[in-house]
Amino acid sequence: MNWWQAILLGLVQGLTEFLPVSSSGHLMIFKELLGVDGEGFLDFTVTVHMATVLSTIIVFWSAIWALLKGLFKFKYNDETDYICKLIVSMIPVAVVGFLFKDKVEALFGDSLTVVGICLIITAVLLFLSDHVRIGGKEKKQDDAKGTPLAEEKGPRNGISYLQAFIVGIGQSLAVAPGLSRSGTTIATGLVSGVKRSVMAQFSFLMVLVPILGEQLLDILKVASGSEVLGGGVGVGALILGFVSAFLSGLFACKAMVALVRKSKLSWFALYCVIVAVLILILG
């Protein structure tokens, strides 16, 4: 992977991470279009995801800081409740990561056919999220700020422990390239009855720890000498990809999250279907 490929792929990651169209799937598509070698590409994927996680932390810093302050009051308040639900949502992806990591890595090295099929699945989920709601329809007026501490009727913080776990199952399935993490988690949350504004923020916060943990494991492997940083990609490409994904993600995060909160996800479903059909026909 050369420097301009790393920058371009970082841009793709930053601009697609916050839309329900699968950033990993688009990385696979552009990897093939640019003729990038597959060796070490999973390391690059984790690195650019780390960059967009940093973008997410910066954009949602006020909410994260409020949660941390509430946590260290050492009582079960709204903030503690929200953090506990985030932890519950991480359980399924942790199980997949520890037990099926090799199979996940094999998926990332597979053909674009997998991406095309998973994009169709993403499209179906997005379409269902606009037309199926368990527990009643969502009100027209949503919380504009999307803060986790808003007082509403129903579950505390707008999401129950069961709904958090269901959303976590969605995230665990979205490790496959082409299955959008944000699309899958938001869709499963909406179908289970969580409001759009609540789900938009919860979806982006719940991924922070899993991706940070994955990156920490890679760093520990490098430190122990069991793996080489980059593994075929190169340290320079990782750095350029990280910076590119971080800057584009920082620019796009607020606008794209707002778009997800307000727009019908069926439009994104149509986009996913078009891309999937092109992949399956031309691939």
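**Figure 1. Kink in helix H5 of the predicted model.** Helix H5 bends by about 30° at Ile 91, a position shortly before the proline Pro 92. The structure shown is a predicted model. Helix H5 covers residues 78–99, which makes 22 residues. At 1.5 Å a residue, this helix should span 32 Å, and its end C-alpha atoms lie 33 Å apart, so the two values agree.

**Figure 2. N-terminal cap of helix H5.** The N-terminal end of H5 is capped by Asn 77. A side-chain oxygen of Asn 77 lies 3.2 Å from the backbone nitrogen of Glu 79.

**Figure 3. Aromatic pair of Phe 18 and Phe 204.** The whole structure contains 5 aromatic pairs. In one of them, Phe 18 and Phe 204 have ring centres 5.4 Å apart and planes at 55°, and the pair is classed as tilted. The pair links distant parts of the chain, its two members being 186 residues apart. Phe 18 sits in the loop between helix H1 (3–16) and helix H2 (23–34), whereas Phe 204 belongs to helix H10 (residues 196–205). Phe 18 has a relative accessible area of 0% and is buried. Phe 204, at 1% relative accessibility, also counts as buried, because the cut-off for a buried residue is under 20%.

**Figure 4. Edge-to-face pair of Phe 72 and Phe 74.** The ring centres of Phe 72 and Phe 74 are 6.0 Å apart. Their planes meet at 80°, so the pair counts as edge-to-face, the cut-off for that class being over 60 degrees. Phe 72 and Phe 74 are both exposed, whereas Phe 18 is buried and Phe 204 is buried.

**Figure 5. Ring cluster of Phe 18, Phe 60 and Phe 204.** Phe 18, Phe 60 and Phe 204 are joined into a cluster by ring pairs. The tilted pair of Phe 18 and Phe 204 brings together a loop residue and a residue of helix H10.

**Figure 6. The protein chain as the setting for the close-ups.** The chain holds 13 helices and 0 strands. Its pattern along the sequence is accordingly written with α elements, as α-α-α-α-α-α-α-α-α-α-α-α-α. Of its 283 residues, 50% count as buried. Among contacts with a separation of 6 or more, 82% come from residues 24 or more positions apart. The accessible surface of the chain is about 13,500 Å², and carbon and sulfur atoms account for 72% of that area.

Key
Residues numbered from 1 in each chain as written. Predicted model: local features only at pLDDT ≥ 70, side-chain atom pairs only at ≥ 80, totals over all residues. Heavy atoms only, no water. Helix = DSSP H or I, 4+ residues; strand = E, 2+ residues; numbered from the N terminus. Expected span 1.5 Å × (residues − 1). Bend = angle between axes of the 7 residues up to and from the residue. Polar contact = N/O pair within 3.5 Å; in protein donor to acceptor, adjacent residues only side chain to side chain. Buried < 20%, exposed > 50% of the residue type's maximum accessible area, 1.4 Å probe, protein only. Contact = heavy atoms within 4.5 Å. Areas by Shrake-Rupley, 256 points an atom, 1.4 Å probe, with all protein chains shown as cover. Phe/Tyr/Trp six-rings, centres within 6.5 Å; stacked < 30°, edge-to-face > 60°.
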